[in-house]
Amino acid sequence: MGLIEINHLKCTQCGLCAIACPVGIVVVGERFPETVEKIEKRCITCGHCVAACPTAALSHCRMAPEECMDLASDWRPPVEKMEQLVKGRRSIRRYRPDQVDRSIIEKLLDIVRYAPTGMNVQQVQWQVYLDPAELEQLTSITVDWLYTLLAQGAPGIKGMLKAWERGEDPILRNAPHLIIAHGKANDPAANYSSIIALTTLELAALSFGLGTCWAGFLFQAANKYEELYDALNLPPGHIMYGGLVLGYPEFEYARIPTRKTVNATWR
Ligand SMILES: Cc1cc2nc3c(=O)[nH]c(=O)nc-3n(C[C@H](O)[C@H](O)[C@H](O)COP(=O)(O)O)c2cc1C
Ligand code: SF4
Ligand code: SF4
């Protein structure tokens, strides 16, 4: 088959596939949709042509309509639900020790595959920690890094180190899991993609009763402290682009805290 194939019995010639293609590859031909052959190689396999077709008449050479999940007619959450979800999310710093089933984390990552990526390159890779002993080791190395910063006179670290000395985990919050997004160091878009994927994961985790918190100090140490970078043991040429700790929250919040008002310029 070519880039796309049209089932003439199903096609109603509505033209939606053509207007959905972000690259302009699919156009309305004399009767049925066709492609502009000389720009076919610019196809980003976004699947918009397949997904837009109301009658499943269009097959892409890398994506048949039968492979694509149906979209429920009521898939958009009502505004009140979405508002509660986005505003109700909190950075969780107290976790129950219970492990999260690997199948749940797999489902989460499966959902997050759909976070947008520039040019649809889908380059985000994950490193998932299931063993709390490994998290303890990563916290300990990050704390070593903080002590080196303290020795250099860096401000704002003493409190965290005091917490560590009291037996607390100010880095990974004694969470049972850590999920790291990583990618090639020389990929200029991997940073964006990873942050978007992690942000999507943070929201998706709420539906599973899970909580998350950004592992900001671990992230800084990963790219500045060789001992931690080595301990992460990422594939050659990869760097960490961000990470979240994950687990079941120890308690539920009762209300949504206030935030600054919107700061927007309207033109
Ligand atoms: C950082 C970033 C930059 C993007 N820039 C553009 C853009 O300039 N123009 C555009 O049409 N789409 C842009 N996109 C959308 C992607 O092409 C799109 O997310 C991808 O093709 C997957 O399609 P989907 O979002 O419908 O799943 C961008 C996405 C991201 C994450
Ligand atoms: S997959 Fe996306 S870019 Fe490729 S032809 Fe279809 S709509 Fe156009
Ligand atoms: S969207 Fe489907 S039905 Fe409409 S023109 Fe394209 S292939 Fe035909």
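This is a predicted model: local features need pLDDT of at least 70, side-chain atom pairs count only at pLDDT 80 or more; totals for chains, interfaces and linings use all residues.
Eight bridges join E6 to E8, and the two strands run antiparallel.

Now step back to the whole sheet. It is open and has four strands, in the order E5-E6-E8-E7, with antiparallel pairing. The edges are strand E5 (125–129) and strand E7 (211–214), each of which pairs on one side only. From one strand to the next, the twist averages 25°. Strands of a sheet pair through backbone hydrogen bonds, either parallel or antiparallel.

E7 pairs with E8 in the antiparallel sense, over four bridges. Cys 213 stands opposite Val 245 in E8.

How many of the 10 residues of E8 are buried? Nine are, so E8 is largely enclosed by the rest of the structure. Buried here means under 20% relative accessible area.

Next come the helices. Helix H8 (residues 216–224) lies across E6, E7 and strand E8 (238–247). H8 runs at about 160° to E8.

Helix H7 (residues 190–206) has 17 residues. From its first C-alpha to its last, H7 reaches 25 Å, close to the 24 Å expected at 1.5 Å a residue. Which residues of H7 are buried? They are Ala 190, Ser 193, Ser 194, Ala 197, Leu 198, Leu 201, Glu 202, Ala 204 and Ala 205. What do the buried residues of H7 pack against? Their partners are helix H4 (102–112) and the strands E5, E6, E7 and E8.

Two ligand sites remain. Ligand 2 is surrounded by residues including Cys 21, Cys 43, Cys 46 and Cys 49. His 48 and His 60 also belong to the surroundings of ligand 2, as do Pro 22, Val 23, Val 26 and Ile 44. By class, the shell of ligand 2 has eight nonpolar, four polar and no charged residues.

Ligand 3 has its own set of residues. Among them are Cys 11, Cys 14, Cys 17 and Cys 53. Pro 33, Pro 54 and Leu 58 also lie around ligand 3, along with Thr 12, Gln 13, Gly 15 and Thr 55. The shell of ligand 3 has seven nonpolar, four polar and no charged residues.

How values were computed: Residues are numbered from 1 along each chain as its sequence is written. Chains are lettered from A and ligands numbered from 1 in the order in which they are written. Side-chain values use heavy atoms; hydrogens and water are left out. Two strands pair if DSSP finds at least two bridges between them. Axes are lines fitted to C-alpha atoms, for helices over the stretch in contact, and angles run from 0 to 180 degrees between N-to-C directions. Contact means heavy atoms within 4.5 Å. The expected span of a helix is 1.5 Å times one less than its number of residues. Buried means under 20% relative accessible area, exposed over 50%, partly exposed in between (1.4 Å probe, protein chains only). A residue is near a molecule or strand if one of its heavy atoms lies within 4 Å of it. Ala, Val, Leu, Ile, Met, Phe, Trp, Tyr, Cys and Pro count as nonpolar, Asp, Glu, Lys and Arg as charged, and the others, Gly among them, as polar.
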